[in-house]
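Please consult the sequence and the structure shown here before reading the points below.

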Amino acid sequence: MLQTLRDSLKVEEIRKKLVFTFLMLLLYRLGNSIPVPFVNTDILASIFEQTQGNGLAFLNLLSGGALGQFSIFALSIYPYITSSIIIQLLTVAIPQLEELSKEGEEGRQKIQYLTKILAVVLAAVQAIGITNTLFSQAIVANGVFERISIILVLVAGTMFLVWLSDLITEKGIGNGTSMLIFIGIV
């Protein structure tokens, strides 16, 4: 009797985690269809038609089509992954970071904080780059305010995905970052 009750509670907990993960992944896919402001989607489509079969098409594949639509999640979670790799490499090279990594949970949280700060910087650099070079033809309004708005939306989209992946890791099933990458590719 007690074992059956424990089993049913475990099943219910797994069901809740599955539903939560599914809803968060659905939210991610929904965000992939919301374009950034001030962008002409017809010009954007012609840019991608001209670049069939090159690196841009591959990046669009990895972002789950978000780059091709220049959506709010166009940068995906890749600036965070890049910053995580950089911080891990710097942990070996910088003694202070190595000490932080050995401090247990508190050190891990500080390193996570540094990783997220670097992710914001990398996302801003990437957003500036694709806004002012790659997709500059597709931007309808060319004022400074509009470009800053686009950059802020792209950075906020990336950091929202970082938060979403943390939620999936904490309350869902599996590693949230891996789930977002998988769903983006699939």
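Lys 102 is exposed, with 65% relative accessible area, where buried means under 20%, exposed over 50% and partly exposed in between (1.4 Å probe, protein chains only). This is a predicted model, in which local features need pLDDT of at least 70, side-chain atom pairs count only at pLDDT 80 or more, and totals for chains, interfaces and linings use all residues. Residues are numbered from 1 along each chain as its sequence is written, and side-chain values use heavy atoms, with hydrogens and water left out.

**Salt bridges**

- The structure holds six salt bridges, each defined as a side-chain nitrogen of Lys or Arg within 4 Å of a carboxyl oxygen of Asp or Glu.
- Lys 102 is joined to Glu 98 by one of these salt bridges, at 3.6 Å from N to O; Glu 98 is partly exposed, at 32% relative accessible area.
- Lys 116 and Asp 166 form a salt bridge with their closest N and O atoms 2.7 Å apart.
- That pair links distant parts of the chain, since Lys 116 is in helix α7 and Asp 166 in helix α8, 50 residues apart; helices (H or I, at least four residues) and strands (E, at least two) are DSSP runs numbered from the N terminus.
- Both partners are partly exposed: Lys 116 has a relative accessible area of 26%, and Asp 166 has 27% relative accessibility.
- Glu 13 forms a salt bridge with Lys 17, and 3.8 Å separates the closest N and O atoms.
- Glu 13 and Lys 17 are about one helical turn apart because they are four residues apart in helix α1 (residues 2-31).
- Glu 13 is partly exposed at 46% relative accessibility, and Lys 17 is partly exposed with a relative accessible area of 29%.

**Largest pocket**

- The largest pocket contains about 270 Å³ of space; grid points are joined across faces, edges and corners, and a volume is the space filled by probe spheres set on the points.
- On a 1 Å grid over the protein atoms alone, a pocket is an open set of points where a 1.4 Å probe fits, with protein on both sides within 12 Å along at least five of seven lines, and lining residues have an atom within 4 Å of a point.
- The lining of the largest pocket includes Tyr 80, Ile 81, Gln 112, Lys 116, Asp 166, Glu 170 and Ser 178.
- Two or more lining residues come from each of α5 (78-93), α7, α8 (144-171) and α9 (176-185), and α8 gives the largest share, four residues.
- By class, this lining has two nonpolar, seven polar and three charged residues; Ala, Val, Leu, Ile, Met, Phe, Trp, Tyr, Cys and Pro count as nonpolar, Asp, Glu, Lys and Arg as charged, and the others, Gly among them, as polar.

**Second largest pocket**

- The second largest pocket has a volume of about 220 Å³.
- Residues lining the second largest pocket include Leu 56, Leu 59, Ser 63, Tyr 78, Gln 126 and Leu 134.
- Helices α3 (55-62) and α7 are the elements that give two or more residues to this lining.
- The lining of the second largest pocket has nine nonpolar, two polar and no charged residues.

**Nonpolar surface patch**

- Tyr 113, Leu 114, Ile 117, Val 121 and Val 125 make a nonpolar surface patch of about 470 Å².
- Patches consist of residues with over 30% relative accessible area and no salt bridge, with like charges joined within 9 Å and nonpolar side chains (Val, Leu, Ile, Met, Phe, Trp, Tyr) within 5 Å.
- Accessible areas come from the Shrake-Rupley method with a 1.4 Å probe, and for residues only the protein chains shown count as cover.
- Val 125 lies in helix α7 (residues 105-134) and is exposed, at 54% relative accessible area.
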